[in-house]
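Please look over the sequence and the fold shown next.

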Amino acid sequence: MTRPGGTWQNWGRTAAVRPLRVERPRSPEGVQRAVQAAAAHGLTVKAVGAGHSFTGIAVAPGVLLELDDLQGLVSADPRTGRVTLLAGTRLHRVPALLKPYGLAMQNLGDIDRQSISGAIATGTHGTGAGFGGIATQVRGLTLITGDGEFLRIDEHRNSELLPGAIINLGALGVVVEVTLQCVPAFVLAAVDAPVPLDETIATLPERVADADHFEFYWHPHTDVALTKTQTRLPESTRRHPRSPLARWTDETLLGNGVFGAFCAVSRFVPTLIPPFNRLAMRATGHGEYTDLSHRVFTHRRDVRFREMEYALPVAQLTAAFEQLRRLIRDRGWRVEFPIEVRFAAADELWLSTATGRDTAYIAVHRYWRVNPREYFDAVEQIMLAHDGRPHWGKLHGLSADELRERYPRFDDFRALRDRLDPQRVFGNRHLERILGA
């Protein structure tokens with residue numbers, strides 16, 4: 001919570017601002033009143049959720065709307081699977097809200113701290129070659145436009161706007177409600193296994209095609225990939241979850257406690273990084289378990305980091321990944337965080353990183369107290385050379401002219417923005433850079 005007169009900062013500590021005013025609306029009507037009042041006084045408005053975007057997309061120099069009180073279930077229909085949530089609802093709260101109706105979200109990302117509207121607006125995704133990102137589950141949304149009016153966009157009302165309005169970057173208005181297409185609750189059978197990296201890369205097409213959900217992590221300075229393969233099963237399937245002790249050991253003790261201490265120390269003694277990464281590869285990433293979908297999809301991530309992620313055509317993944325390996329080796333960098341590779345199906349959303357093509361993602365990270373600039377800039381050049389598109393919620397260096405070349409509907413989105421927010425009530429410097437003045 002941001003105190004009046006205080007400073008707001010995002011989770012990754014890459015963006016901060018002292019807004020002129022902070023408001024915490026408790027209803028969609030409260031959001032509407034806040035937008036109307038701000039516009040009347042010539043102030044900009046930005047809504048924030050959990051602050052998990054690494055960019056300045058939510059920076060609010062004028063009026064900051066914290067949506068922490070705009071959470072909960074509006075409606076649910078177990079027959080159709082349609083569920084409407086208030087926009088500030090955190091993803092980690094959604095499973096409990098859906099449980100009485102026997103429903104689940106079709107796919108989730110690795111982290112579930114974000115708000116549902118923030119995750120959708122920036123194109124957050126999970127993995128699975130047959131599944132799109134979270135935004136592809138959206139069937140409707142309600143937002144407050146720049147003139148302070150409610151606008152419902154769904155299959156029956158203003159349907160032509162829906163592909164452009166879902167991944168909206170917070171540039172079209174303040175979303176107050178989101179309608180999702182959910183699925184019957186299901187179980188995931190997970191196999192976490194270390195596999196030689198060269199073998200993993202050589203067999204990627206088969207591994208991705210044969211699994212409902214597949215991803216892998218590579219710790220630089222090792223020759224092993226930590227693969228994660230997940231198979232969807234009916235909810236009635238007998239579950240064999242990880243024991244509480246195993247989960248605590250893996251996530252709390254090793255994944256956060258030991259790893260966090262290592263990151264802090266490795267800033268001053270980078271020679272520790274290669275041997276630690278080899279040890280981490282041997283100590284983690286082993287196991288078979290079966291549990292409810294959200295318990296397998298998501299993980300607890302307490303160690304603060306900074307991230308850049310690029311979406312590539314699947315056919316470009318191997319060449320880009322091998323070039324990235326050579327880059328780290330040739331520069332002699334010591335990289336403490338693993339590199340993550342995931343997959344998603346093509347979709348038709350205007351600003352989706354997977355629009356028009358089956359997609360592979362490469363994500364690179366650094367500990368939050370380490371300057372990532374040189375590493376990220378060099379990786380970015382590799383990704384751009386392989387037709388990459390940057391994740392909207394993660395660090396990148398592209399501007400509007402460069403992004404226009406990578407999104408066929410980029411100018412259509414800009415026109416939609418002109419229609420819904422001609423006075424740029426929801427603008428800030430970051431949006432000026434990526435969308436143009």
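Which residues line the second largest cavity? They are Leu108, Gly109, Asp110, Gly126, Thr127, Glu215, Gln230, Val296, Phe297 and Arg342.

## Basis of the report

This is a predicted model, in which local features need pLDDT of at least 70 and side-chain atom pairs count only at pLDDT 80 or more, while totals for chains, interfaces and linings use all residues. Residues are numbered from 1 along each chain as its sequence is written, and side-chain values use heavy atoms, with hydrogens and water left out.

## Cavities

The structure has two cavities of 30 Å³ or more. A cavity is a set of points, on a 1 Å grid over the protein atoms alone, where a 1.4 Å probe fits but cannot get out; lining residues have an atom within 4 Å of a point. Grid points are joined across faces, edges and corners, and a volume is the space filled by probe spheres set on the points.

The largest cavity holds about 70 Å³ of space. Its lining consists of 14 residues, and Gly123, Gly133, Asp347, Ser352 and Tyr361 are those nearest its centre. By class, six of the lining residues are nonpolar, seven polar and one charged. In this grouping Ala, Val, Leu, Ile, Met, Phe, Trp, Tyr, Cys and Pro count as nonpolar, Asp, Glu, Lys and Arg as charged, and the others, Gly among them, as polar. The second largest cavity has a volume of about 50 Å³, and its lining divides into three nonpolar, four polar and three charged residues.

## The second largest pocket

A pocket, unlike a cavity, is an open set of points with protein on both sides within 12 Å along at least five of seven lines. The volume of the second largest pocket is about 380 Å³. It is lined by 20 residues, and Pro95, Lys99, Leu103, Leu292 and His294 lie nearest its centre.

Three elements each supply at least two residues of this lining: helix H2 (94-98), strand E8 (103-104) and helix H9 (293-297). Helices (H or I, at least four residues) and strands (E, at least two) are DSSP runs, numbered from the N terminus. H2 gives the most, with four residues. The lining of the second largest pocket has twelve nonpolar, four polar and four charged residues.

## Salt bridges

Side chains of opposite charge can pair when their charged atoms come close. A salt bridge here is a side-chain nitrogen of Lys or Arg within 4 Å of a carboxyl oxygen of Asp or Glu. The whole structure contains 33 salt bridges.

One of them joins Arg24 and Asp68, at 3.6 Å from N to O. This pair links distant parts of the chain, 44 residues apart: Arg24 is in the loop between strand E3 (21-23) and helix H1 (28-40), and Asp68 is in the loop between strand E5 (63-66) and strand E6 (73-77). Arg24 is partly exposed because its relative accessible area is 28%; buried means under 20%, exposed over 50%, and partly exposed in between (1.4 Å probe, protein chains only). Asp68, at 23%, is also partly exposed. Arg24 and Asp68 belong to a network of salt bridges that also links Glu66, Asp69 and Arg90.

Glu340 and Arg342 form another salt bridge, at 3.5 Å from N to O, and both residues are buried. Arg342 is also one of the residues lining the second largest cavity. In the bridge between Arg404 and Asp411, the closest N and O atoms are 3.0 Å apart. Arg404 is partly exposed at 27% relative accessibility, and Asp411 is partly exposed at 40%.

## Surface patch

Leu245, Trp248, Leu253 and Val258 make a nonpolar surface patch of about 380 Å². Patches are made of residues with over 30% relative accessible area and no salt bridge, with like charges joined within 9 Å and nonpolar side chains (Val, Leu, Ile, Met, Phe, Trp, Tyr) within 5 Å. Accessible areas come from the Shrake-Rupley method with a 1.4 Å probe, and for residues only the protein chains shown count as cover. Val258 is in helix H7 (residues 244-266) and, at 34% relative accessibility, counts as partly exposed.

## Loop residues

Arg13 is not a glycine, yet it has a positive phi of about 60 degrees. Arg13 is in the loop between strand E1 (8-9) and strand E2 (16-17). His221, in the loop between strand E14 (213-218) and strand E15 (224-234), also has a positive phi, near 80 degrees.
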